[in-house]
Amino acid sequence: MARTVPSHRVLRPSRPRSLAAAALTAALALTAAGPPPARGVTADDAKAGRKVLTAAVSQSVDSLSPFLAQRVISTSVHRLMYPYLTDYDPKDGHAIAGLATAWKASPDKLTWTYTIRGNSLWSDGQRVTARDAAWTFNTMMSDKGAATANGSFVANFKKVTARGPATLVIELKRPQATMTALDVPIVPAHVWEKVGDFTKFNNDQHFPVVGDGPFVLTDYKVDQYIKLKPNRSFWRGAPRFDELVFKYYKDNDAAVAALRKGEVSFVSNLTPAQASSLKSAPGIRVNDAPGRRFLALATNPGARSRDGRRFGDGNPALLDAKVRRALFASIDRGTLVDKVFQGHAVEGQGYIPPRFADYFWTPAAAQRISYDPARAAALLDAAGYRAGGGGKRLGRDGKPLSLRLLCHAVDPNDKAISKYLQEWWGKLGIGLTVDCVDNVTDPWAAGEYDLALDGYSVSPDPDYVLSIHTCAALPATPKVSGQTDDFVCDGRFDALYARQVAEYDTAKRADLVKRMESRLYDTGYINVMAYPNAVEAYRTDQIASITTMPEAAGNIYGQDGYWSWWSAVPGAGAGTGPRGGASAGLVLGIVAGAVVLAGLGSLLVLRRRAGADDRE
């Protein structure tokens, strides 16, 4: 929500990385071909007690269907439940083997062949095959409802076939640079082919849910909890905890209190005050690292669908670029970073956070919209909104300029930022009504807002968060939802998008992405105010070690993968329940113990929307 030089407070002790890196390398190597079978749970194990990792969350699930889900909580759960063709290395985010053990492109880059691993089983015992992947992609290609969440990944697919259980072939219309970053959960065809209407099936009524991730979804209650248990046959090795629970807290203060009392193991999205108080609390470790999210002010450019119909009630004043620029020029991003985030953020500039250095863009001096209330006032004058009686801005029709801001009721930062916006815009003569609600999705999708506080989690490959601002992401009709973030549809942006997705040269593609960010910045439909840190905490008596992503300094919650919860090693206070076989989690736990003995600290720090990145 504003410092041009990345600055963040690291509240955990630093330590040498070599041992942790070696541990991860060893663990991945050990599990590449699959672990020995895990032994079953015995009666003695049950008597010994169960090890439960409970993570407090504040975001409601939008859907547990991988064809519909877009929020971080939902896509994070899907990372735990379902396989993806490739995974992201927890150290630096490059593509590594997932369901596919190898992949090869034809010389013209129009045909991709993937080798599907043979040691992967669905949790109901059936083998995972290339047919499951082909069925998933073909369903997204043929059913608009199934393409709701991730349709941009398959829009360029021409044909997908399974040539036997171990070979998947994808034919493209044009070259596509994201073929090793397809953030699409693969579902079991024998289960999902029974679904009728993909727009109405939320995958939340029958448990356990069949999957092939490190965990199996066993129960879910709306705005109460999500429960998962280890998949003991997971090819990379079973998790060490006996159960993983995401427990819903509407009030983050209550979640922090539960952490202090030991009722939960982990809490994310801490405010600066909460992080400061927990830093000195015994048995609690605070993780404060550069995040993968941006926080932006989004404007409603006039909600419309691909069939050309307009809907919603966005203020037409925001269709004027001068008004949009005036609003952003009156935001002191430095104050937001200092006062709201208290240094736990970086001042916003381009669309991609600085954590992703290859794609990070900053505007040139002449292009930058700096904090300049006088310039903002002049822009409003030029747009025809002049100060009238009482200092209020009046349009040519004599009506005062008054806007509505949509924000998240569960996010204290949203509320604090809203107060600053009211103050700054009030000095310009603009009225602002703040509407912080529990469910922002419905008014957002209906286009019933003027401005909104927007946030997305960005993945190592930025294609998805760029695609949500293309014309193709607009909803097909006003009655259905689309992938669009803010109803942006700009021909120049779309042309650049088409070029970057087809560019295989890394440097050339990065340049195109930066040009897209420049165009998005100039249109002013979405203005990034800050890149918030990932500020989270966990109890060291319940979690002895856990993987962050990336290795050097990264987040635990909302990763592009399952690494944190899969690798988590129970602490002494977590009980001594049943354990899986010789998993990589065991290797990580052993190395974490060696780190402690060496006096280097106990936090095992390793490294990628949840999938696809996800609206927050």
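The model is predicted; local features need pLDDT of at least 70, side-chain atom pairs count only at pLDDT 80 or more, and totals for chains, interfaces and linings use all residues. Residues are numbered from 1 along each chain as its sequence is written, and side-chain values use heavy atoms, with hydrogens and water left out.

**Stop 1: confidence along the chain**

Colour the protein chain by pLDDT, the predictor's confidence in each residue, from 0 to 100. The mean is 87, and 85% of the residues reach 70 or more. Next, select residues 1-47, where the pLDDT is below 50. Beyond near neighbours in sequence, this stretch has 114 contacts in the model, a contact being heavy atoms within 4.5 Å. Then select residues 575-616, where the pLDDT is also below 50; that stretch has 182 contacts beyond near neighbours in sequence.

**Stop 2**

Two packed helices are described by the angle between their axes and the distance between the axes. Helices (H or I, at least four residues) are DSSP runs, numbered from the N terminus. Axes are lines fitted to C-alpha atoms, for helices over the stretch in contact, and angles run from 0 to 180 degrees between N-to-C directions.

Select H6 (residues 252-261) and H7 (residues 272-279): their axes come within 11 Å and cross at roughly 10°. The two helices are therefore roughly parallel to each other (angles under 35 degrees). Now show the side chains in contact: Asn252, Asp253, Val256, Leu259 and Arg260 of H6 meet Gln274, Ser277 and Leu278 of H7.

**Stop 3: helices H9 and H11**

Move to H9 (residues 333-340) and H11 (residues 412-428), whose axes come within 11 Å and cross at roughly 140°. From H9, select Thr335, Leu336, Lys339 and Val340; from H11, select Asn413, Ala416, Ile417, Tyr420 and Trp424. These residues make the contact.

**Stop 4: Pro478**

Finally, centre the view on Pro478, in the loop between helix H13 (463-467) and helix H14 (491-501). Leaving aside neighbours within four places in sequence, Pro478 is in contact with Ser305, Asp307, Arg309 and Phe311.

How values were computed:
Angles under 35 degrees count as roughly parallel, over 145 as roughly antiparallel, 65 to 115 as roughly perpendicular and the rest as oblique.
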